[in-house]
Amino acid sequence: MQLSIPSKEQAFTRDAYGDALAEVGALYKDVVALDADLSSSTKTAIFGKKFPERFFNMGVSEADLMSTAAGMARSGKIPFASTFAIFGAGKAWEMIRQSIAYSSLPVRIVLTHAGVTVGEDGASHQMLEDLALMRALPNMTVIVPADAVETRKVIHAVVDLPGPAYVRLSRNKSPVFLPADYDFHIGKATVLREGRDVSLIACGQLVYPALEAAEILHSQGIQARVVNMSTLKPIDADTIATCARETRGIVTLEEHNVIGGLAEAVSRVLAARQPARLHPIAVQDRFGLSGTAEELLAFFGFTKEKIAEQTRAFVASLGA
Amino acid sequence: MSAPSLSLSAVPTPPSSHRLSPQDLALLKKTAYELRKDVVTMVYRAKSGHPGGALGHLDVLWVLFAKFMRHDPRNPKWPDRDRFVLSNGHTCPGIYSVLAHFGYFPREDLWTFRKMGSHVQGHISSKHTPGVETDGGSLGMGLSQGKGIAMATRLDGRPSRVYVLMSDGEQQEGQTWEAAMGAAHYKVDNLCGIVDYNRIQIDGPLPQIKDVAPLAAKYKAFGWEVFDIDGHDYEQIYDALSRCGEVRGRPSVIISNNIPGKGVSYMENTYKWHHGSPTPEQYEQAMKELDAVIHSL
């Protein structure tokens, strides 16, 4: 795959979600959207404007949002339920467990404003535990798109999924770097760059800085493979095992707590299939703080320079 | 239990009046007490379960299924069926006995209640039991789910009505009121709530733990049509269910004042029987008492 780095364009993944939701709404008459008073931020308002009879604002009632979506799915609707990640995956977790996941109902839980890049709103709004919470639910598919292109493809891919899906989106603009003909399949990782020394397995907003870090590493004589692991569950164990076999170590990158997210999903595969050393780049079991998205990405070590630096040290620690 | 002679067509004719004939009444009551025997036997054989609520709401549940619900045991997923959502999933022996009565599954399955591999789980589960529409156990989610079903069937232009049975303890859950507010806002008039107002919960009498009164005033204030009835008076049950089917432009709720443990003297009005199973002596006594009512009709 040939990728343009640096990417010229930046876009909101949630804008791509709003547009894609309207697209699938036009294709499937049973698609309904539910929100909890944040439709202008989650962009479900785009769908609401186009299909007002199929859009339901539940008000500031996240528990009711999830269980109502479950009821609609039971009656044959294709519900997309959206709010901020902290309120959906956090506050309404038990409703997702009991009303949606237990019966494997096809509710698409698309939550925005995840991760530290929510920014100035601070720790209360920076959801860093959602991947752990959603991965732990039986029947749940968990997807973190890397950019606006992938977000659109993910929404089209989950629309006729028979069970529930969690799609994690962000608040800020991020680089659009995947080509328009990029092929997304649920449960399939994509190798974006080849390399034999180390594998950078990333999801979401950290895929692009991982690619940039690989450029830096290349100039320093380290060949890093970069993998977009957009589906965390079911995880692409074959690609992880191949990386473990063909490179000397694995670095995972996620804008999430180090506990329960991508690092643990990958390490489970390594332990079972193909042992390898792993260095997780993640939020190290702490809460966030207020700041701009850029400041926070730097603070948590998610810039291309810091990723390259950590990877170089990790590769050095692996020995000859 | 012998097959009932009561007319149990899949699609009952909508009631033309709000009154039951004396013959209907006697037969309904007789069957309700047969079902109570099943409930007590299930809990007795499982050595655990929640008999208090199930016995308390059985009259209203039975009249609902026998006279109002449009459903078809041979086609449980009939798209135009009415839906029954049990929000207080711990009281499931009641609905299990009703569903077995209609032939959704063999009555013998009732005796596997709460056991490994059973179709009838400790709390209701749509995955395991034919005729069960939702999952329940964690309280407070049923009204939202019922509202979602009702809104979806309305979108599809189906005639289905959705009945959600809730416990009074669930009225302490915030989500119940999120759903109540939403149902009124969206004018979900094919939704009918039924509150099993039996005034007991696990830790004791409900008014002592956290009172939910005045319940009727609360639902009225939330924009609902409210029917406040004696949940053991078949005329009142029949009348309320008839009228809630006629309400337009808003959801309706029947506050069914029920005696927990109804029909078994030592269980009645005793919060300790919210859950628990009878001893062999207590079981014999319960069967005798329930049989006495059946034979008196």
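The questions and answers below cover selected features of a predicted model.

User: What are the ground rules for this model and its numbering?
Analyst: In this predicted model, local features need pLDDT of at least 70, side-chain atom pairs count only at pLDDT 80 or more, and totals for chains, interfaces and linings use all residues. Residues are numbered from 1 along each chain as its sequence is written, chains are lettered from A and ligands numbered from 1 in the order in which they are written, and side-chain values use heavy atoms, with hydrogens and water left out.

User: Why is T68(A) called buried?
Analyst: Buried means under 20% relative accessible area, exposed over 50%, and partly exposed in between (1.4 Å probe, protein chains only). T68(A) has a relative accessible area of 0%, so T68(A) is buried.

User: Which residues is T68(A) in contact with, leaving aside its neighbours within four places in sequence?
Analyst: They are L34(A), M58(A), S144(B), K147(B), G148(B) and M151(B). Contact means heavy atoms within 4.5 Å. T68(A) itself lies in helix α4 of chain A.

User: What makes α4(A) and α6(A) roughly parallel?
Analyst: Their axes cross at roughly 10 degrees and come within 9 Å. Angles under 35 degrees count as roughly parallel, over 145 as roughly antiparallel, 65 to 115 as roughly perpendicular and the rest as oblique. The two helices are therefore roughly parallel. A63(A), M66(A), S67(A) and A70(A) of α4(A) meet M95(A), I96(A), S99(A) and I100(A) of α6(A). By class, this contact has 6 nonpolar, 2 polar and no charged residues.

User: How do you know that α1(B) is roughly antiparallel to α9(B)?
Analyst: The axes of α1 (residues 22-46) and α9 (residues 280-296) of chain B cross at roughly 170 degrees and come within 9 Å. That angle makes the pair roughly antiparallel. Among the contact residues are K30(B) and Y44(B) of α1(B), and P280(B) and I294(B) of α9(B). The contact has 10 nonpolar, 1 polar and 5 charged residues.

User: What makes β3 and β12 of chain A edge strands?
Analyst: The open sheet has 7 strands in the order β3-β2-β4-β5-β7-β6-β12 (chain A), with mixed pairing. Two strands pair if DSSP finds at least two bridges between them. β3 (55-57) and β12 (231-233) each have a single partner strand, so one side of each is left without a neighbour in the sheet.

User: How do you know that β4 and β5 of chain A are joined?
Analyst: 2 bridges link β4 (residues 78-82) to β5 (residues 108-111), and the strands run parallel. F80(A) stands opposite R108(A) in β5(A).

Definitions and conventions
Helices (H or I, at least four residues) and strands (E, at least two) are DSSP runs, numbered from the N terminus. Axes are lines fitted to C-alpha atoms, for helices over the stretch in contact, and angles run from 0 to 180 degrees between N-to-C directions. Ala, Val, Leu, Ile, Met, Phe, Trp, Tyr, Cys and Pro count as nonpolar, Asp, Glu, Lys and Arg as charged, and the others, Gly among them, as polar.
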